[in-house]
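Try each task before reading its solution.

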Protein chains: 2
Amino acid sequence: MTDIKATNVVWHEGHVERATRDALLKQTGCTIWLTGLPSSGKSTVGFSLEHALIQQGRLAYVLDGDNIRHGLNKNLGFSAADRAENIRRIGEVAKLFGDCGVITITSFVSPYRADRDLVRALHDAAKLPFIEVFVDTPVELCEQRDPKGLYKKARAGEIKGFTGVDDPYEAPLKPDVVLKTGEKKLEECVAQLGDELRKRGILKA
Amino acid sequence: MTDIKATNVVWHEGHVERATRDALLKQTGCTIWLTGLPSSGKSTVGFSLEHALIQQGRLAYVLDGDNIRHGLNKNLGFSAADRAENIRRIGEVAKLFGDCGVITITSFVSPYRADRDLVRALHDAAKLPFIEVFVDTPVELCEQRDPKGLYKKARAGEIKGFTGVDDPYEAPLKPDVVLKTGEKKLEECVAQLGDELRKRGILKA
């Protein structure tokens, strides 16, 4: 008992500091928030960036529908309130990952400006870099790609409230990066994001 | 356009595999779930383990009231349903961190067996190690420590539904590790957790 009390003074009472994690990982934790229409190429860009960073020894992680909608947010539907809560929770989780030192890549349509702005504000308050990336693909091209046949279903009225068909997509007013996936190769888009990370000093030597 | 189509075939369509992350980080992502009475020493053990692991070049991260209750779970109260949802969300976030390769340490009273079992089941389904750690400190000692004066308030009736006073704590039936903080030094408790990680092969050479 006396030993425990004596030890008390050297107990760690708080989290490891962010700078210590960043030094360990040789990077700065941050969030790369991909936003754009369904089938605009967010996930493809996100996964390609994740693979490229990991190959370079950087720790990156994609949050997307696969690992969020079936898990953390499986109790949310598609009402206005639930959509906002969906993005809020993703923003909070991205913030935790960023705090841990991870280059966090989120891949969600996130069509509403107010929701994205809230996530940016969360990051600003936590002094974590937030990089809003507009995956700017014309709706015609998205609809032409349509790998899951969702535009087709939305046009047929089988899906209601589908972004780009009968629900609005509010493009970012001041995105940090714009990716024109209809005009550029994937490699170029990924390189553009890599440049942004280097420019911000997120990747250390 | 033709370029993009040609490039399509080499696009990465999915997440980086867990084995690749584990190789990069030289560890296996997992969750160390600390459970115990208020003031039992969960956070002190958790932070000390986090610091020790980071000092050894391992990536560890503590999820606790500080970074969860004020963020992701700030819209939850203390009703039975909200308490269950609180633990469910923490479990889902821990799972995501584990999938990313992080040694994730959670520090929450998590008094109900059913809630903890649900989190274990989530991890089992994801094939992620889940280590339930019972921070087994006698309630008398917790109450004696009481750094935030919460037991005192609960005894005075100022806080209702306080675990250990007027709300039950369901001790784990088969914890993976039991830490007797009333009998052992902090260093010993942390070493015990380190041994468990090594025994499970979570820390690679």
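A polar contact is a pair of N or O atoms within 3.5 Å; within protein, one must be able to donate a hydrogen and the other to accept it, and residues adjacent in sequence count only if both atoms are side-chain atoms. This is a predicted model, where local features need pLDDT of at least 70, side-chain atom pairs count only at pLDDT 80 or more, and totals for chains, interfaces and linings use all residues. Residues are numbered from 1 along each chain as its sequence is written, and side-chain values use heavy atoms, without hydrogens and water.

**Exercise 1.** Find how many residue pairs are in polar contact across the interface of chain B and chain A.

*Solution.* Start with the pairs: the rule finds 20, with both residues at pLDDT 80 or more. Next, look at what chain B brings: α5(B) supplies the largest share of its side touching chain A, nine residues (helices are DSSP runs of H or I, at least four residues, numbered from the N terminus).

**Exercise 2.** Classify the ring pair of Tyr61(A) and Phe97(A).

*Solution.* Rings of Phe, Tyr and Trp (its six-membered ring) pair if their centres lie within 6.5 Å; planes under 30 degrees apart count as stacked, over 60 as edge-to-face and the rest as tilted. Here the centres are 5.2 Å apart and the planes at 5°, so the pair is stacked. Then place the partners: Tyr61(A) sits in strand β2 and Phe97(A) in helix α5 of chain A, 36 residues apart. Finally, widen the view: Tyr61(A), Phe97(A), Tyr61(B) and Phe97(B) form one aromatic cluster.

Definitions and conventions. Chains are lettered from A and ligands numbered from 1 in the order in which they are written. Helices (H or I, at least four residues) and strands (E, at least two) are DSSP runs, numbered from the N terminus.
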